[in-house]
Amino acid sequence: MATSVLRQEHELLGGLIQEEGALLGPVRYADEDVELAAFDVDAALVDLTGMGMWLVSGAPAQAFCEAACAGPRLSVGTCALGACLLGDGSVASVPLLVRTGASEYLILDASPRMDVLFSWLGFVAHIERDGVRPYDGLAMSDETASLVPLALTGPTAPAVLSDYVPGDVHQRLPLAGEVANLDLDGRITTIVCALDLPQPAYLVLVPPIYARAIWRSLLSFGSVMPVGHAALRTWMARRTAVLSQLPVPDRLTIGEGELRASGMVREGMDFIGARGLAG
């Protein structure tokens, strides 16, 4: 049975872990209202182990991601939430797309629709038209177990993370919408994504061997509170209404106007599902 490498830490802190769903961290630690307050007052720390994490690489990676993901086009070192649409314009999911190199992306999804998303992406990757595979040479690998995703969100989050990096031109916290490779304390290499949200919000991807040390270290700050993933979903949904609809288990239809107004779909028709969305 899959489990978080941090499970013992959560049990010591009284976290409620449910043996269902993809996410393996605690659903909650305390009353949801108490946990939600941490996002707006101090900093909430959430274990998102089990979040779907796919590495897309190879020469067709950019063409594939820009076709399959309808959100903003990314330059190297940036990240954004964006919708992935099925061919009929319905929503597969709204993952975080991270561009880590010229021909390399991470696609991250912690929503209940992650299985729908990755099944669809696997289908798109092998599409064939008139005997030609447009994404021939694309590599997709499931990296869900390769890194431990920790969300650190709230007003004090930047100050907390800044304590681990020197802040020079080579090692500084990413700004909203950026991603950076940071060596925490000069020795633990991580990927840090800064989401473009009203409050500071970071996703820190940590090698499993160092996850417990980073978890304990972050909690040593008085302003950091451990929070369950249920409160994180509620907090995100209140700030981005489209995300509140992702728990729908069946076909998910969201209007074109709402998707474009929220920035989850870019202008134009150059992505899969565009005609279905407009029609």
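**Entry 1**

I note that the structure I consulted is a predicted model. I applied the term to Glu9 at once: its relative accessibility is 7%, so Glu9 counts as buried.

**Entry 2. The partner of Glu9**

I looked up which residue forms a salt bridge with Glu9. The partner is Arg212, and the closest N and O atoms of the two are 3.3 Å apart. Glu9 belongs to helix H1 (residues 7-12) and Arg212 to helix H6 (residues 208-219), so this pair ties together parts that are 203 residues apart in sequence. Arg212 has a relative accessibility of 32% and therefore counts as partly exposed.

**Entry 3. Further salt bridges**

I searched for salt bridges and recorded a count of 11. I then examined some of them one by one.

Asp88 forms a salt bridge with Arg251, with 3.1 Å between the closest N and O atoms. This pair also links distant parts of the chain, 163 residues apart. Asp88 sits in the loop between strand E4 (84-85) and strand E5 (91-93), while Arg251 sits in the loop between helix H7 (229-239) and helix H8 (256-261). Asp88, with a relative accessible area of 39%, is partly exposed.

Glu178 and Arg172 meet through their side chains in a salt bridge of 3.2 Å, N to O. Glu178 counts as partly exposed at 22% relative accessibility, and Arg172 is partly exposed with a relative accessible area of 37%. I also noted one network, in which salt bridges that share partners join Glu66, Arg73, Arg266 and Asp270.

**Entry 4. The sheet**

I traced an open sheet of 6 strands. The order of its strands is E10-E11-E12-E9-E1-E13, and the pairing is mixed. Why is one side of strand E10 and of strand E13 left without a neighbour in the sheet? Strand E10 (179-184) and strand E13 (224-226) stand at the edges, and each has a single partner strand, so one side of each has no neighbour there. From one strand to the next, the twist averages 30°.

For background, I wrote down that the strands of a sheet pair through backbone hydrogen bonds, either parallel or antiparallel.

I checked individual pairings next. Strand E11 (residues 188-194) and strand E12 (residues 201-206) run antiparallel and are joined by 4 bridges. Within this pairing, Ala194 stands opposite Tyr202 in E12.

**Entry 5. Strand E1**

I gave strand E1 (residues 43-47) an entry of its own. E1 and E13 pair in the parallel sense over 3 bridges, with Leu45 opposite Pro226 in E13. E1 and strand E9 (residues 148-153) pair in the antiparallel sense over 4 bridges, with Asp47 opposite Leu150 in E9.

How many of the residues of E1 are buried? The result is 5 of its 5 residues, and the strand is mostly covered. Ala43, Leu45 and Asp47 point one way from E1, whereas Ala44 and Val46 point the other way.

**Entry 6. Aromatic pairs**

I searched the whole structure for aromatic pairs and found 5. I examined the pair of Phe64 and Tyr135, whose ring centres are 5.3 Å apart. Planes over 60 degrees apart count as edge-to-face; the planes here stand at 80°, so the pair is edge-to-face.

Phe64 lies in helix H3 (residues 61-68), and Tyr135 lies in the loop between helix H4 (114-125) and strand E8 (139-142). The two are 71 residues apart, and the pair links distant parts of the chain. Phe64 counts as buried because its relative accessibility is 0%. Tyr135 counts as buried at 7%.

**Entry 7. The protein as a whole**

The secondary structure comes to 9 helices and 13 strands. The radius of gyration is 18 Å, close to the 19 Å that the globule rule gives for 279 residues, so the protein is as compact as a globular protein of that length. The C-alpha trace spans about 60 × 40 × 40 Å along its principal axes. Buried residues make up 53% of the 279 residues. Of the contacts with a separation of 6 or more, 64% are between residues 24 or more positions apart.

Notes. Residues numbered from 1 in each chain as written. Predicted model: local features only at pLDDT ≥ 70, side-chain atom pairs only at ≥ 80, totals over all residues. Heavy atoms only, no water. Pairing = 2+ DSSP bridges. Axes fitted to C-alpha atoms, helices over the stretch in contact; angles between N-to-C directions. Phe/Tyr/Trp six-rings, centres within 6.5 Å; stacked < 30°, edge-to-face > 60°. Buried < 20%, exposed > 50% of the residue type's maximum accessible area, 1.4 Å probe, protein only. Salt bridge = Lys/Arg side-chain N within 4 Å of Asp/Glu carboxyl O. Rg over C-alpha atoms; globule rule 2.2 N^0.38 Å. Contact = heavy atoms within 4.5 Å.
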